[in-house]
Amino acid sequence: MKFMLQSVAIGAIAAMTTLAGAAHAEGEQFVWISHGPDSDSWFNVIKNAITVTSDELGVSTEYRNPPTGDLADMARIVQQASAAGVDGIIVTIADYNVLSGPITDAIAKGIPVVTVNSGTVEESQQLGALLHVGQPEYEAGLGAGQRAKEAGIETFLCVNHYITNPQSVERCRGFADGLGVELGNQMIDSGIDPSEVLNKVKAYLTSNPDTGAILTLGPNSAEPSIRAVTDLGLDGEIYFGTFDLSPAISQGIKDGTVDFAIDQQPFLQGSIPIQVLTAYVRYGVAPSNSIFTGPGFVTSENIEFVESLAGEYR
């Protein structure tokens, strides 16, 4: 499976901006910095994309993350990459206020930066990054809410396992707007401990028996929520949507517990930034616009194909 510079990710961008040129070289050193804790299996596809793409392009890309998801630790990782003088940095904007200083310092040193996954195009532009690669989170939540509204849903619970990330709130807000309701106490701060998530979801559903739908924001909240729904005998009875994929989410779609999962295509989020930085460092060119990798909906109709690629490409 080839992901060369002329591949779909860059070839799909019609407009290219020519920048200060650089001589062709190989062995460039990039750092791909995420906010994901070691426990978050969603980033496994990112890691695979990094390996595949780096091998194809002849570059070295190190994946780094704060083991517990601590954002202060993440900011230090950005500072360390900047001090090391790497050829480029790829970084999630998990919290603009925490990360803006280290990121803009790196850019001021002449290190090109591509932002990815968390954050917005506007935040990326404010930082001075080349571009942003990811999913517009509010729009993804809005699409999920509109889908739920078509199914007759009026009330919901949004299980937010990463509430310190502002873009996670945008997912919940978009879902509420899609339903045509205000976002209030339907969004709970679940944390990432599976037992805590399980107990909080059970408590909410028990106290609010008229809840029509659950929206979870990734495997860390989806998997305990699936168990909560099953324990309460609501599997197949309550409308269930989630972001991202995992083996448990895929099984939930197949057995009817989960109605849909929103796929933001993490392989592309891992691969495209490396392609962009390689083209920029070697040839002085970069796409003139940011690149959206989602949302796409995975349902019972396409789960078998998606599942065949799970863990590596989906």
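Figure 1. The model is predicted: local features need pLDDT of at least 70 and side-chain atom pairs pLDDT 80 or more, while totals for chains, interfaces and linings use all residues. Residues are numbered from 1 along each chain as its sequence is written, and side-chain values use heavy atoms, with hydrogens and water left out. D263 belongs to strand β11 (residues 260-263) (helices, H or I of at least four residues, and strands, E of at least two, are DSSP runs numbered from the N terminus). D263 is buried, at 4% relative accessible area (buried, under 20%; exposed, over 50%; partly exposed, in between; 1.4 Å probe, protein chains only). Q265, in the loop between β11 and α11 (266-283), is partly exposed at 31% and has a positive phi near 55°.

Figure 2. Beyond residues up to four places away in sequence, D263 touches Q135, L245, T293, G294, P295, G296, V298 and R314 (contact: heavy atoms within 4.5 Å). Two of these residues, G294 and P295, are joined by a cis peptide bond with omega about 10°. P295 is in the loop between β13 (291-292) and β14 (296-298).

**Figure 3. Crossing of helices α6 and α7.** The axes of α6 (residues 137-150) and α7 (residues 166-179) come within 6 Å and cross at roughly 35° (axes are lines fitted to C-alpha atoms, for helices over the stretch in contact; angles run from 0 to 180 degrees between N-to-C directions). The crossing is right-handed (the near helix is turned clockwise from the far one by less than a right angle). Among the residues that meet are Y138, L142 and K149 in α6 and Q167, R173 and D177 in α7.

**Figure 4. G141 within helix α6.** G141 lies in α6 and is buried, with a relative accessible area of 0%. Leaving aside neighbours within four places in sequence, G141 contacts R171, G174, F175 and F243. G141 and V306 are 165 residues apart in sequence and 21 Å apart in space, C-alpha to C-alpha.

**Figure 5. Backbone of D244.** D244, a residue other than glycine, has a positive phi near 70°. D244 is placed in the loop between β10 (239-243) and α10 (247-255) and is buried at 6% relative accessible area.
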